[in-house]
Amino acid sequence: MQVDLKDKVAVVTGGTRGIGLGIAQALAANGAKVAVVGTNPEKLKQAVESITATGAEAEGYICNVASTEEVEKTVNAVLEKFSKIDILVNNAGITRDVPLGAMKDEEWDDVIAVNLRGPFLFTRACSKPMRRAKKGRIINITSISGLIGNKGQANYSASKAGLIGFTRTASKELAGKNITVNAVAPGFIETDMTNVLPEIYKTELKSRTPLGRIGQVADVAAAVLFFAGDEANFITGQILTVDGGLIR
Ligand code: NAI
């Protein structure tokens, strides 16, 4: 997938590994300057270096996406460095899987804070400069768990379903300012988040997936690139499932 993102500035939350890192690298490979947001200084440094080593521009920002203060500070720092924000990818996310009868309050609260409050805070902050510029792209990474539910993920699927509702409302509110808001809903993608799952679960999942394989980071990054590029400028409020046909 190739799009022209020359001179665009993109913010990617949770860009230090997995899907977020793949998205940050793909945006940079297509010409964007990337602000990588993460919580682990060492991983952040490595992520930024993996991008700058290709000759592209990137800067790292330590920020907990659930903190209003840290998000405001980060967005201001990005604006100071790059003067504008064209693309926001709300990718940071966590799981705390446990059957709901045994779920602790903090397991609920932590997942909602990172996966739902985070995208709200970043969208609110980044939409200000986008409104002024009268253009922008916001892409939220939700999950098929938010569309069909998943045992042991009451907190996670609620956060991802919430993010779908948020995407649809934000798309309506921001359309008048030429800002599109879309979401990508991956199925099972091979990353550190999913590597912890038992092999038998992965084999069973593969057999249930019509396209017969587990998703890769590049599959999700391609969908994000599509929403970020000019080709998608008449598309907003959409949820694009990237799951090999699993939930169809
Ligand atoms: P991952 O666990 O490998 O990476 C998550 C990233 O988010 C990391 O960089 C982590 O440092 C960052 N992060 C976590 N909490 C944060 C916080 N409070 N503030 C800032 N950054 C924080 O996960 P993966 O697999 O790359 O997932 C990325 C996104 O894709 C998540 O939103 C996840 O829910 C979603 N997703 C993943 C799927 C998969 O199969 N891997 C399937 C469907 C959705």
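A pocket, here, is an open set of grid points where a 1.4 Å probe fits, with protein on both sides within 12 Å along at least five of seven lines. In this predicted model, the ligand takes up the space of the largest pocket. That pocket holds about 1,200 Å³ of space.

Its lining is made up of 49 residues, and those nearest the centre of the pocket are Gly93, Ile94, Thr95, Tyr156 and Met193. Sorted by class, the lining of the largest pocket comprises 20 nonpolar, 21 polar and eight charged residues. At least two lining residues come from each of H1, strand E2 (33-38), helix H5 (145-148), H6, H7 and helix H8 (199-208).

## Shell around the ligand

There are 26 residues around the ligand, and the ones that come nearest are Arg17, Asn91, Tyr156, Ile189 and Thr191. The shell divides by class into 12 nonpolar, 12 polar and two charged residues.

## Polar contacts and burial

A polar side-chain atom of tyrosine 156 is 2.5 Å from a ligand oxygen. Lysine 160 places a polar side-chain atom 2.9 Å from a ligand oxygen.

The ligand taken alone exposes 830 Å², of which the protein buries 92%. Helix H1 (18-29), helix H6 (154-174) and helix H7 (192-195) are the elements that contribute two or more residues to the shell around the ligand. These helices, H1, H6 and H7, also each supply at least two residues to the lining of the largest pocket.

## Second largest pocket

The second largest pocket has a volume of about 180 Å³. It is lined by 14 residues, with Arg213, Gly215, Asp219, Asp243 and Gly244 closest to its centre. By class, this lining consists of seven nonpolar, four polar and three charged residues.

Key:
Residues are numbered from 1 along each chain as its sequence is written. This is a predicted model: local features need pLDDT of at least 70, side-chain atom pairs count only at pLDDT 80 or more; totals for chains, interfaces and linings use all residues. Side-chain values use heavy atoms; hydrogens and water are left out. A residue is near a molecule or strand if one of its heavy atoms lies within 4 Å of it. A polar contact is a pair of N or O atoms within 3.5 Å; within protein, one must be able to donate a hydrogen and the other to accept it, and residues adjacent in sequence count only if both atoms are side-chain atoms. Accessible areas come from the Shrake-Rupley method with a 1.4 Å probe; for residues, only the protein chains shown count as cover. On a 1 Å grid over the protein atoms alone, a cavity is a set of points where a 1.4 Å probe fits but cannot get out, and a pocket is an open set with protein on both sides within 12 Å along at least five of seven lines; lining residues have an atom within 4 Å of a point. A molecule sits in a cavity or pocket if more than half of its atoms lie within 2 Å of its grid points. Helices (H or I, at least four residues) and strands (E, at least two) are DSSP runs, numbered from the N terminus. Ala, Val, Leu, Ile, Met, Phe, Trp, Tyr, Cys and Pro count as nonpolar, Asp, Glu, Lys and Arg as charged, and the others, Gly among them, as polar. Grid points are joined across faces, edges and corners, and a volume is the space filled by probe spheres set on the points.
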